Structures are given as C-alpha cells and as structure tokens.
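Visitor: Please take a close look at one part of this model, the salt bridges and the helix packing beside them. I would like the partners, the distances and the surroundings in one connected account.

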Amino acid sequence: YTGEFLGIWIGFKAPSRKACAMVICDCARRHGRLPEMIVVDGGKEFDSAHFHLMLAALEIDRTERPPEDPRFGKEVERAFGAFKERFLRGLPGYGIGIEKARQVSAAFKATSRARLTPETLLECFERFIFQGYNTIPRGDAVTTPSELRVAAMQRLSCCGKATAWDFKLLLVTSIESPAELYTLWPGRGVHVYEQWYCSDRLLKFKGLKKEIEVRLEPFDRSVVYVHAGGEWFPC
C-alpha cells in the first residue's frame, strides 16, 4: 500500500534465519508494531522451521507469492532497483555486472577501490532509506510513503500488531543453538561456541551438572538465552 521500507538488515552472509530475525526486530524497534502478514518468495530461509515458528509465536500470517511472476514482487524489486541505481552506483567499490568484468582494468576493480567500513555503510544506507527513499513520492503521487502510513494509522489504528520491545520479543527472534542441550557447570555457567556464558541467576544452581536448553541472540554474540529452573533468562 505505501511502498515504504519498514525494517532493514545488512550482513556479509547469504540470506538466513538470522537476517529474517533481524529484520523483524528492526521493524519492531522502529515502529513498535509488526505486520499482520508477510509475503515472501521461495527462498529457503523463508521456508525454514525457525521462520515458521517465529511468525507463529508473533501471530503473523505467512504467505508465498507465485513463483516466476514478477507482478507479485514489483514493490520489493522496484526498491532493490532504486537501491542499486540511486545509492550503490558511484560509491567506491561498486562493481559492474559480471558480463563486463573483463573490460575493467585492474586499477579500477571494485575490490581495490572499496573504502567504506561496515559502520559507515550502514549509516549511509539508513539515511538513504529513512530520510530519502521513504520520503519521496512515487510516480505521480503527491504523498510520500511515510505520510501514507501515518495517515492510514490515524484512520485505522488497529492496523498491524502492536509489539513491545521486551524479553519475549528477543526470545522469540533468537536462534536455535547447534546442540539440543548443553551442560550447566555449577560455578562456571554454560560453554557455547568456545565461550563461557553466565549470570547471577545461573550461578544460583548448585549440585550435579544439568543439561539445559540454549538459544543464541543473533544481534550480539556475547549474549545467549538459557532455560533453567522452568524459565528462560539471558546470560
């Protein structure tokens, strides 16, 4: 309806459950709301058990657009096109199409001209999206995407799903750990990915070693969520 970006995430890896979770979190953080429905393509990350369970826990409907029919993806494809032509093109390190790669001399290869740090890229991208793309009318329209959303919310305040930024949201968007259970070492905590995680609540558990569930916080590798004593809490 609006053609507006509601949330973004930039990463080095291919699309994954982490990227899906981070976009959901970014939307909730910026707007305090989430969509009632998310339309996806046939990507594997959108058909994973993690994605299905996350949307189910958030009570969001998932629907898949018809394959190989560009009409049903024109909004997002148009956005990606604008991102490429208006933002990426001209930046140091921008790469031309693969079919023309051999026509470029070594001195002008994209890999040798890249200058932006990840932090600077994210800052520039956020400005382009939320201070540029979302604030420019589309086609013959005189109203911007952001203004359309604000006006719609004023008329229909029940649109979307109000979402609090709380521990429940963080736990729902967390990621399954590699192993099903981890050993709780009394006095030390739990060992995940060659790191020890602990908290005051975890240190209260005494006695024999126990097997506990662990989930990973995708935004911060220094945090995990553990299930011990019948409840979840961060470490």
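Guide: What follows goes through the salt bridges and then turns to a helix contact.

The model is predicted, so local features need pLDDT of at least 70 and side-chain atom pairs count only at pLDDT 80 or more, while totals for chains, interfaces and linings use all residues. Residues are numbered from 1 along each chain as its sequence is written, and side-chain values use heavy atoms, with hydrogens and water left out.

The structure holds 12 salt bridges, a salt bridge being a side-chain nitrogen of Lys or Arg within 4 Å of a carboxyl oxygen of Asp or Glu. Helices (H or I, at least four residues) and strands (E, at least two) are DSSP runs, numbered from the N terminus.

One of the bridges joins Arg17 to Glu176, with the closest N and O atoms 2.9 Å apart. Arg17 lies in helix α1 (residues 17-31) and Glu176 in strand β5 (residues 175-176), so this pair ties together parts that are 159 residues apart in sequence. Arg17 is partly exposed at 37% relative accessibility, and Glu176 is partly exposed at 24%; the term covers values between buried (under 20% relative accessible area) and exposed (over 50%), computed with a 1.4 Å probe on protein chains only.

Arg30 forms a salt bridge with Glu126, where the closest N and O atoms are 2.4 Å apart. Since Arg30 belongs to helix α1 and Glu126 to helix α5 (residues 118-130), the pair ties together parts that are 96 residues apart in sequence. Arg30 has a relative accessible area of 27% and is partly exposed; Glu126, at 29%, is also partly exposed. Both residues belong to a network of salt bridges that links Asp26, Arg29, Arg30 and Glu126.

Glu123 is partly exposed, at 42% relative accessible area.

Helix α5 also packs against helix α3 (residues 74-88) at an angle of about 115°, with the axes 11 Å apart; axes are lines fitted to C-alpha atoms over the stretch in contact, and angles run from 0 to 180 degrees between N-to-C directions. In this contact (heavy atoms within 4.5 Å), Ala82, Phe83, Arg86 and Phe87 of α3 meet Leu121, Cys124, Phe125 and Phe128 of α5. By class, there are 7 nonpolar, no polar and 1 charged residues, where Ala, Val, Leu, Ile, Met, Phe, Trp, Tyr, Cys and Pro count as nonpolar, Asp, Glu, Lys and Arg as charged, and the others, Gly among them, as polar.
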